[in-house]
Amino acid sequence: MSAIHPPFVADAGSALVPLPYRVQRFVCDTDDTFTLTLAPQSGGEALPFAPGQFNMLYAFPSGDVPISVSGPAARREVLIHTIRAVGPVTRALAQLRRGDTVLVRGPFGKPWPVAQAEGHDVVLIAGGIGLAPLRPVLYHILAKRKRFGRLCLLYGARTPGDVLYRRELEKWRGRLDVQVEVTVDRGDSDWHGEVGVVTQLLERAQLDPARTVAMVCGPEVMMHFSRLALTKRGVPESQIFVSMERNMKCGVGSCGHCQLGPFFICKDGPVFDYPRIAPVFSTKEL
Amino acid sequence: MNPPVHTLSPQLLSLQFFAGFGPAELQILARHSRQVSWPADVEVIREGQVATEFFLILDGRVRVETHLPGRGEVTLQTLLRGDVLGWSWLTANASFSFSARTLQPTNALVFEGTALLRECEQHPRLGYLLMRRFALVMSDRLRHTRLQLLDLYSPPRSSGPFQALKKR
């Protein structure tokens, strides 16, 4: 597997200059997660991005946060971000209404290796809000379905109420060319799906391990166990990609907020092939 | 009740559960097993029931559940093809710790655990392989349970109380 494809990266001039966007649509996905559809206030096309990249979203006066793009890269007129309201800035973003203005800076970071995955089976393993950064990959592969081998989405959530994009999951599951498996850590009486951890789903994934590219996004512990399960299934480590999360700020590797060992997650990541990040992956307190 | 299987088909032998067993052990396992079919929503085992058997799911889906007062039946785990249901039979005079119910029509192999324990006394290699197999099943379940207990997808502690978003 070759190196990650060169991403779309904000040029030096625009990297630090936020652009105004208008909230075109606000959707509550779960009790604490929502999706914003943003259109450039000036009209025209939104910032082009590659699946896996993120933008800095500003909510005045609270500040800014790095949020992965969760919409299709082919849809040029808008940017779609799925956000979990867990801190002051994301909670301020949760107060936005249609027509409000948000400032956007980006896109930043290295994307998922979608071009390199062509001709391979692809397994996407997502945990919790980690499905959002992987959704653009799914859109991309479904739009160019013949270029890829088998496609498998494995998704784990906390409870049935925390399952993101439920309608889309049902739609994808109805297709004959995608295997979609969803599990929750805790079921309830209305849940008739799987209960268990996401790594268990991998045992059921229909793929050829040697020619599989795996993209994993979720809490680091979940990614760690997913990597172990993938290795056990025979997927080469060089074909396993993870998306790291740290406190990104500048987005261009200057401020150092997101440093992880020798890497700046905003610039060198957030997507890494596993062998590259392995020396610092799961290192305590790093 | 279906008769014992006697021989295990190549299709059955492809299940991970049978990996490592030699022909002699497989013959004993086959002798003490039979195939069963359950429709959906059937209680396969009940919490507290004396455990003398274990099950290997061939197809379909089974949920392991327990009853919590005020919450009803709570699903702890779902089992599919290749998964083992029940290990309480390993300890003599034990009872099942949880109940299990089919979520859809399910086929399974039922193994007579009590008879197999007697066979293990006579055939130490069978006992060794069977114990190793169940140690793997139990360690997998323990690891998965620990991961579930970690509550990996919960909000960060620092996030504090939050009023749920209202649907708009």
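The structure is a predicted model. In chain A, seven strands make up an open sheet with mixed pairing, and six strands make up another open sheet whose pairing is antiparallel. Helix α3 of chain A packs on the sheet that contains β7, β8 and β11, and α3(A) also packs against α4(A).

**The seven-stranded sheet**

- The strands of this open sheet in chain A follow the order β10-β9-β8-β7-β11-β12-β15, and their pairing is mixed.
- Its edges are formed by β10 and by β15 (271-273) of chain A, each of which pairs on one side only.
- Within the sheet, strand β11 (residues 212-217) of chain A runs parallel to strand β12 (residues 240-243) of chain A, and three bridges link the two.
- In that pair, M215(A) has F241(A) of β12(A) standing opposite.
- Helix α3 (residues 131-143) of chain A packs on this sheet, where it touches β7 (121-127), β8 and β11 of chain A, and its direction lies at about 155 degrees to that of β7(A).

- Strand β9 (residues 179-184) of chain A is mostly covered, with six of its six residues buried.
- Strand β8 (residues 151-157) of chain A pairs with β9(A) in the parallel sense, over six bridges, and G156(A) has T183(A) in β9(A) as its bridge partner.
- Between β8(A) and β9(A) the chain passes through helix α4 (residues 166-173) of chain A, and this β-α-β crossover is right-handed.
- Strand β10 (residues 194-195) of chain A also runs parallel to β9(A), to which it is joined by two bridges, and here T183(A) stands opposite E194(A).

**The packing of α3 and α4**

- The helices α3(A) and α4(A) pack at an angle of about 35 degrees, their axes lying 13 Å apart, and their crossing is left-handed.
- From α3(A), the residues making the contact are L131(A), R135(A), L138(A), Y139(A) and L142(A), and from α4(A) they are E168(A), L169(A) and W172(A).

**The six-stranded sheet**

- The strands of this open sheet in chain A follow the order β4-β3-β6-β1-β2-β5, with antiparallel pairing.
- Its edge strands are β4 (63-68) and β5 of chain A, each pairing on one side only, and from one strand to the next the twist averages 40 degrees.
- Strand β1 (residues 19-28) of chain A and strand β6 (residues 101-108) of chain A run antiparallel and are joined by four bridges, and Y21(A) has V102(A) in β6(A) as its bridge partner.
- Strand β2 (residues 33-40) of chain A pairs with β5(A) in the antiparallel sense over six bridges, with T33(A) standing opposite R84(A) in β5(A).
- Although β5(A) is an edge strand, strand β5 (residues 79-84) of chain A is mostly covered, and six of its six residues are buried.
- From β5(A), the residues L79(A), H81(A) and I83(A) point one way, whereas I80(A), T82(A) and R84(A) point the other way, and all are buried.

Conventions. Residues numbered from 1 in each chain as written. Chains lettered and ligands numbered in written order. Predicted model: local features only at pLDDT ≥ 70, side-chain atom pairs only at ≥ 80, totals over all residues. Heavy atoms only, no water. Buried < 20%, exposed > 50% of the residue type's maximum accessible area, 1.4 Å probe, protein only. Pairing = 2+ DSSP bridges. Right-handed = clockwise from strand over helix to strand, strands pointing away. Contact = heavy atoms within 4.5 Å. Axes fitted to C-alpha atoms, helices over the stretch in contact; angles between N-to-C directions. Left-handed = near helix turned anticlockwise from the far one by under 90°.
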